[in-house]
Amino acid sequence: MSADDKAALQQQCMGDFTTFCGDMPLEDGPETQACFEKNMSKLSPGCQSAIQSYKQGKKG
């Protein structure tokens, strides 16, 4: 994942992170990923898109 991709993910998901996962440390750990997965249907469209791009980038 490039720095630009990571910045986009953080920018798109910061509000969602605060809303749904605000009690977690602000880092890309398994707990944070699990929180986003659990709340995926509630996340903003921009954040959902950024997460999908992130997942595709990690696989390839």
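Predicted model: local features only at pLDDT ≥ 70, side-chain atom pairs only at ≥ 80, totals over all residues.
**Disulfides**

The whole structure contains 2 disulfides. A disulfide is a covalent bond between the sulfur atoms of two cysteines. Counted along the chain, the bonded cysteines follow the pattern 1-4, 2-3.

Cysteine 13 is bonded to cysteine 47. Their sulfur atoms sit 2.0 Å apart. The torsion about this S-S bond is about 105 degrees, so the disulfide is right-handed. Cysteine 13 belongs to helix 1 and cysteine 47 to helix 3, so the bond ties together parts that are 34 residues apart in sequence.

Cysteine 21 is bonded to cysteine 35, with an S to S distance of 1.9 Å. This link has -95 degrees about the S-S bond and is left-handed. It connects distant parts of the chain: cysteine 21 is in helix 1, cysteine 35 is in helix 2, and 14 residues separate them.

| Cysteine | Relative accessible area | State |
|---|---|---|
| Cysteine 13 | 4% | buried |
| Cysteine 21 | 0% | buried |
| Cysteine 35 | 6% | buried |
| Cysteine 47 | 0% | buried |

The cut-off for buried is under 20% relative accessible area. Cysteine 35, at 6%, therefore counts as buried.

**The aromatic pair**

The structure has 1 aromatic pair. Phenylalanine 17 and phenylalanine 36 form it, with ring centres 6.2 Å apart. Their planes meet at 50 degrees, so the pair is tilted. Phenylalanine 17 comes from helix 1 (residues 3-21) and phenylalanine 36 from helix 2. The two residues are 19 residues apart, and the pair links distant parts of the chain. Both phenylalanine 17 and phenylalanine 36 are buried.

**The largest pocket**

Rolling a probe the size of a water molecule over the atoms shows where empty space is left. The largest pocket holds about 420 Å³ of space. Its lining consists of 18 residues. Which of these lie nearest the centre of the pocket? They are Leu9, Glu27, Asp28, Thr32 and Phe36. Phe36 is also a member of the aromatic pair.

Helix 1, helix 2 and helix 3 each supply at least two residues of the lining. Helix 1 gives the most, with 6 residues. By type, the lining divides into 9 nonpolar, 3 polar and 6 charged residues.

**Threonine 32**

Threonine 32 lies in helix 2. Its relative accessibility is 6%, so threonine 32 counts as buried. Threonine 32 is among the lining residues nearest the centre of the largest pocket. Which residues does threonine 32 contact, leaving aside neighbours within four places in sequence? Its partners are Phe17, Met24, Pro25 and Glu27. Of these, Phe17 is one ring of the aromatic pair, and Glu27 is another residue nearest the centre of the pocket.

**Asparagine 39**

Where is asparagine 39 placed? Asparagine 39 is in the loop between helix 2 (30-38) and helix 3 (45-59). Its relative accessibility is 6%, so asparagine 39 counts as buried. Not counting residues up to four places away in sequence, asparagine 39 touches Phe20 and Cys21. Cys21 takes part in the disulfide with cysteine 35. Cysteine 21 is itself buried, at 0% relative accessible area.

How values were computed
Residues numbered from 1 in each chain as written. Heavy atoms only, no water. Helix = DSSP H or I, 4+ residues; strand = E, 2+ residues; numbered from the N terminus. Buried < 20%, exposed > 50% of the residue type's maximum accessible area, 1.4 Å probe, protein only. Contact = heavy atoms within 4.5 Å. Phe/Tyr/Trp six-rings, centres within 6.5 Å; stacked < 30°, edge-to-face > 60°. 1 Å grid on protein atoms, 1.4 Å probe; cavity = no way out; pocket = protein on both sides within 12 Å on 5 of 7 lines; lining within 4 Å. Points joined across faces, edges and corners; volume = space filled by probe spheres on them. Nonpolar A, V, L, I, M, F, W, Y, C, P; charged D, E, K, R; others polar. Disulfide = S-S within 2.5 Å.
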